[in-house]
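Notebook open, structure on screen. I'm jotting things down as I look them up.

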Amino acid sequence: MSTNRVVDPATQTVSPEKVYPGAVDPHHPAAALPKGFEAQADEIITHYPVSKRSASLPLLHLWQETFGYISPEGIEWISHKLGLQPINILELVTFYPMFRQHPAGKIQIRVCRTLSCALGGGYELCEHFREKCQVGEPDTHGLAISPDGKYSVEFVECLAACGTAPVIMINDDFYEDVTHQRANELLLKYK
Amino acid sequence: MPIAEKRLIFANIDKPGYTIDIDCYLKVGGYKDLKKALTMKGPDIVKEVKTSGLRGRGGAGFSTGMKWGFIDPTKNTKPVYLICNADESEPGTFKDKQIIYKDPHQLLEGMAIACYANNVHLAYIYIRGEFTLGAKILEKAIEEAKAKNYLGKGIAGTAYDLEIYIHRGAGAYICGEETGLIESLEGKRAYPRIKPPYFPAVLGLYMSPTIVNNVETLCNIKHIVAMGGAEYAKIGKPNNTGTRLLCVSGDVEKPGYYEFEVGALTIGELLNDVCGGIKGGRKLKALIPGGSSAKVLKAGERYKIKSKKPDGSMEEKEIGLMDIPLDFDTLAAAGSMAGSGGIIVMDETRDMVECLANIATFYAHESCGQCTPCREGSLWMKKITSRLANGKGHPDDIGLLKNVADNIAGKTICAFGEACAWPVQSFVTKFKDEFENHALATKPKSTTTNKLAPV
């Protein structure tokens, strides 16, 4: 392993330039870890007394909840924390659909695409959100972001609330039986 | 007269004034069954579960008692782990969510009993990543239970210790497969393991014996301890005991979740008496009885069902779709499965090619990519069904589609191969004329119903 470790033990800051020269994402907030972040990570690791590696997914969730997406620094930091190689973390980010490598909108709208919701109008609802939020064409991961970065709209697979289709999530909140009118009301709520 | 629900698991769910608070749970007799279990010997509880005839509620319908029986605590030098599979992600299924969000302590109590019975001291609840609130509810419930000494060290004054932790997934359907779930809990990609040798009961989490049970299954354990295995086995019918949580979605007047004795009602009774009939007074076209992986059943179909008579002799009866009782064995005999209890209903206006394209898109997105037949095949099935749905198919697409599906099932590490092939095989066979019409069409049919398939 390189002696150029990313985390400066004195300041608890991450220096991605040391690891990825020239590959620093300009969107990333200066990479200073918020107060209490590491303590939270340490607490999570205690849930897995047999193998620290098991904490990979929860630490990725923690990172994404804090920074909005998983940056190269995040991958470095987590792998270092758990005594793993960065590839062990990167391969999780590319496998699990919930993890992002780029920022999504400030207000993230996820519309269920699977059969029961589609029967209840999920496709039309997603189209409605795309128009209302003025997001462009979806990227290769199906994520469409508005030019001002405020909204992102994407299809996701079954959200396990099929009896009240169509179902959406806005950020972490579930909404069921979403008509177009309800969609408009929700958009006002999340202004 | 509609058949009355028998609410065992859902007894308190949606009752006015019932909250997720531990005090509320204690008021309705909560954790009484755990205390009772702690006075019993572990192997005796396992015996009761075997007597109860309980079958797993996650999808495969495997005997829970037998699953537990594979773990022999006397021969084990390694610790035994238990994982609650709360990844609920089979399309059409939303029962476990009700338990987690509305009655979390029932799950914790059932889980604690199961752990005690199998000498488990460390257990995890693997909950799907989107249930952010559900994970918080469970975490709070664990804290409450620990404060009242129903979890943690020296439970209820005994020498028994148990820690339960919540582990969130991150949006991958394959984590519902038990060995994929174990890999994911170990911090890896959820690639299912090959069996043999990696049976969870032998080489599970951290290469130790592991039990993976569904949320509903674990809740049943509490009720088996409460009433005794023999009494529980009287609910439902032989080999199909207990109650079943049914989730109905799609084109019915009253979709929702219901709880009935297994096999107490037929498909017709469920649709017409319980769910108020097909939406808008239309007619039924097709129905998927156990989550999207189950083979589709077509309106008007008749099935030859073999069953055992009380005297042990076999009889064969021919019954229509509406007369199929909702139990494990009859649905299997009709060529489909009870699966996860997710029933998706499609009315006469629906285009079956579009429905299949929707399902195929799901499986193409969710294949873990480990085995070639599934990784490649699921994508081809999505591609072919989508182009058929959009009027861009070839005349020989139907044969090609069937051929791809036939070359996935049975050729993969896990059951995902079957799960993605079965819908294709059954839709194409049962609705051949619709597929042929699409294959010959040059542009998509204009339809007045919702769009179901990607362009």
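I started with the contacts in chain A (heavy atoms within 4.5 Å): of those with a separation of 6 or more, 57% join residues 24 or more positions apart. This is a predicted model, so I noted the rules: local features need pLDDT of at least 70, side-chain atom pairs count only at pLDDT 80 or more, and totals for chains, interfaces and linings use all residues. Residues are numbered from 1 along each chain as its sequence is written, chains are lettered from A and ligands numbered from 1 in the order written, and side-chain values use heavy atoms, with hydrogens and water left out.

Next, burial. Chain A has 191 residues, and 54% of them count as buried, meaning under 20% relative accessible area with a 1.4 Å probe, protein chains only.

Then I looked at where chain A meets chain B. I counted 42 residues from chain A and 61 residues from chain B in the contact. On the chain A side, A:Phe95, A:Leu115 and A:Leu119 lose the most area to chain B, together 18% of what that side buries.

Which residue does A:Glu65 pair with in a salt bridge? I found B:Arg168, with the closest N and O atoms 3.0 Å apart. The rule (a side-chain nitrogen of Lys or Arg within 4 Å of a carboxyl oxygen of Asp or Glu) finds two salt bridges across this interface.

Last entry: B:Asp327. I see B:Asp327 is buried, at a relative accessible area of 1%. Leaving aside neighbours within four places in sequence, I list B:Lys237, B:Asn240, B:Val262, B:Gly263 and B:Ala338 as its contacts.

Conventions: Buried means under 20% relative accessible area, exposed over 50%, partly exposed in between (1.4 Å probe, protein chains only). Buried area is the accessible area (1.4 Å probe) that two parts lose on being put together, summed over both.
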